[in-house]
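Dear colleague,

I am passing on the structure below, and I would be glad if you could look through it alongside the notes that follow.

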Amino acid sequence: MATPFSDVYLLFLSKITDDELANMTEETLEQNMEKWLLSGISRFSSIGNRTRIQNFDRVIQQFNESIPYNEQEILALMMLIEYLKTNTMSGEALKDGLSSKDYSSYSPAKKIEAHIKLKDSIEHDISAMISRLSYSLENFKEVRKNDKK
């Protein structure tokens with residue numbers, strides 16, 4: 001059974017609370033999420049044998065095979081990394097922010113530093129999830145099955 005891209009998009013959106021995404025048109029949001037997902041697929045596909053993730057159809061917006069939930073979660077986190085990279089490099093990230101609490105101005109460098117720390121933390125989580133996935137019994141059986149071919 002196929003897995004629609006929208007399943008991964010929902011996991012991604014559940015991790016974001018940015019008003020910028022809420023203000024995008026549905027079409028723009030879909031285009032951006034597809035770019036972030038494709039970047040995530042390319043990063044994930046380079047790790048071991050991930051042929052089912054590489055087997056997708058952009059026209060009908062789906063993976064042609066069923067993608068397990070844990071792999072969808074990894075893809076959503078990889079999308080988050082791509083989103084953070086885009087957001088960190090944007091002009092908005094370089095603007096001073098005001099805190100409604102005390103109206104003090106925050107340095108854009110601090111905001112970028114926070115983005116980088118968050119990105120590093122998420123990448124660490126992704127590495128741990130991929131390690132667990134690589135050593136899972138299901139994956140071991142799949143590798144053994146491919147070795148017999």
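The largest nonpolar core has 31 residues, among which Phe12, Leu37 and Phe63 touch the most other members; such a core is a set of buried Ala, Val, Leu, Ile, Met, Phe, Trp, Tyr and Cys residues joined through side-chain atoms within 4.5 Å. Two or more residues are given to this core by each of α1 (5–13), α3 (26–45), α5 (69–88) and α7 (108–134), and α5 supplies the largest share, 10 residues. Helices here are DSSP runs of H or I with at least four residues, and strands are runs of E with at least two, numbered from the N terminus.

This is a predicted model, in which local features need pLDDT of at least 70 and side-chain atom pairs count only at pLDDT 80 or more, while totals for chains, interfaces and linings use all residues. Residues are numbered from 1 along each chain as its sequence is written, and side-chain values use heavy atoms, with hydrogens and water left out.

Apart from neighbours within four places in sequence, Leu37 is in contact (heavy atoms within 4.5 Å) with Phe5, Val8, Tyr9, Phe63, Leu75 and Met79.

Phe63 also stands in β3, opposite Phe56. An open, antiparallel sheet is formed by 3 strands in the order β1-β3-β2, with β1 (3–4) and β2 as the edge strands, each pairing on one side only; strands pair if DSSP finds at least two bridges between them.

In the loop between β2 (56–57) and β3 (62–63) lies Gln61, which has a positive phi of about 55 degrees although it is not a glycine. Most residues other than glycine have a negative phi.

With best wishes

Conventions
Buried < 20%, exposed > 50% of the residue type's maximum accessible area, 1.4 Å probe, protein only.
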